[in-house]
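Colleague: Could you walk me through this one? I would like to ask about a few places in turn.
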Amino acid sequence: MKLAVVGATGLVGTEILEVLAEHNFPYSELLLVASERSVGKQIEYKGKQHTVIGLSEAVAARPEIAIFSAGGSTSLEWAPKFAEAGTFVIDNSSAWRMDPSKKLVVPEINAKEISTEDKIIANPNCSTIQMVIALEPLRQRYGIKRIVVSTYQSVTGTGKAAVDQMMAERAGETPQMVYPHKIDMNVLPHIDVFQPNGYTKEEMKMINETKKIFSDNTINVTATTVRIPTMGGHSESVNVEFKEDFDLAEVRTLLESAPGVIVQDDPANFVYPMPITAHKKDEVFVGRLRRDESQANTLNMWIVADNLRKGAATNAVQIAEYLLEKGLV
């Protein structure tokens with residue numbers, strides 16, 4: 001089986017390769033694909049040298065699966081060309097997420113919706129993925145009326161240039177500015193482009209994607225997304241109002257038995273999720289579980305995950321694994 005990684009030289013592309021190796025993903029041939037400026041570059045992977053190829057050459061090779069992490073414009077142009085060649089495209093960009101004809105997949109929640117006809121499969125936004133993973137077992141048990149989420153997102157979510165800006169600022173150097181303000185020792189309540197309604201695109205992604213993944217437009221969602229000067233992962237404060245009342249002990253039990261979730265909730269011993277300990281982990285970490293004493297049927301949670309792993313690379317690889325497991329390729 002031929003497997004292509006499109007955007008192989010970027011932050012997420014590099015992480016995809018790491019996850020593929022850790023998961024021992026089976027393939028007969030690996031195609032590392034990138035933009036024209038990277039074509040011909042040599043990348044060593046699992047003890048073997050691979051030459052980076054361009055998109056046209058990759059389409060002509062007709063891989064069974066192509067994992068894309070090359071930006072929305074590249075996905076819009078090239079994903080259909082791969083699909084026409086019979087390739088399953090798993091796309092990390094926002095290009096296809098809200099397309100009603102495309103599945104938006106978190107394997108633990110809705111992989112069963114994938115069919116052989118779904119040649120382009122969308123990977124959700126990183127901050128959405130970790131939230132819905134933690135909420136799914138509780139949604140199944142209690143039903144969800146409303147979600148209020150505030151995020152604390154790593155600079156790695158913007159890419160290598162943002163990491164470079166922060167590290168240059170930390171070193172007292174003059175950086176190439178990616179953000180409109182300094183990011184080191186600062187907090188920016190601004191991720192992606194502001195929309196006419198006052199929300200940012202990132203906030204609207206969380207609102208709209210959550211409803212699509214849960215197949216439930218009755219859930220009310222509001223979000224504030226914030227960039228902070230960390231590199232290990234994204235953190236989220238989530239306040240969720242359920243349709244039914246809940247027992248806190250049962251909530252813990254449901255989360256502890258949920259696939260892909262690890263509960264870290266022992267405040268007396270200073271145990272709670274943090275991006276520094278979630279770094280390079282595939283799981284979603286949940287803690288600070290407590291009843292909202294100001295409103296009935298409402299829970300407060302703290303959710304942390306490595307945005308380059310479960311928020312992007314790991315989720316995409318798990319979709320590819322599902323395609324293999326179910327004999328769809």
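Colleague: Which strands each supply at least two residues of the lining of the second largest pocket?

Modeller: Those are β2 (29-33) and β4 (48-51), where strands are DSSP runs of E with at least two residues and helices are runs of H or I with at least four, numbered from the N terminus. Please keep in mind that this is a predicted model, in which local features need pLDDT of at least 70, side-chain atom pairs count only at pLDDT 80 or more, and totals for chains, interfaces and linings use all residues. Residues are numbered from 1 along each chain as its sequence is written, and side-chain values use heavy atoms, with hydrogens and water left out.

Colleague: What volume does the second largest pocket have?

Modeller: Its volume is about 200 Å³, meaning the space filled by probe spheres set on grid points that are joined across faces, edges and corners. A pocket here is an open set of points on a 1 Å grid over the protein atoms alone, where a 1.4 Å probe fits, with protein on both sides within 12 Å along at least five of seven lines, and lining residues have an atom within 4 Å of a point.

Colleague: And how much space lies in the largest pocket?

Modeller: The largest pocket holds about 1,100 Å³, and of the 46 residues lining this pocket, Val12, Gly71, Gly157, Thr158 and Gly159 are the closest to its centre. The largest share of that lining, three residues, comes from α1.

Colleague: Let's look at α1, then; which of its residues are buried?

Modeller: They are Val12, Gly13, Glu15, Ile16, Leu17, Val19 and Leu20, with buried meaning under 20% relative accessible area for a 1.4 Å probe and protein chains only. These buried residues pack against β1 (2-6), β2, β3 (42-45), β5 (65-68) and α10.

Colleague: What comes after α1?

Modeller: α1 is followed by Asn24, which has a positive phi, near 50°.

Colleague: Changing topic, is Gln153 buried or exposed?

Modeller: Gln153 counts as buried because its relative accessibility is 1%, and this residue is found in strand β9 (residues 144-153).

Colleague: Which side chain does the Gln153 side chain make a polar contact with?

Modeller: The partner is the side chain of His234, at 3.5 Å; a polar contact is a pair of N or O atoms within 3.5 Å, where within protein one must be able to donate a hydrogen and the other to accept it, and residues adjacent in sequence count only if both atoms are side-chain atoms.

Conventions:
Buried < 20%, exposed > 50% of the residue type's maximum accessible area, 1.4 Å probe, protein only. Contact = heavy atoms within 4.5 Å.
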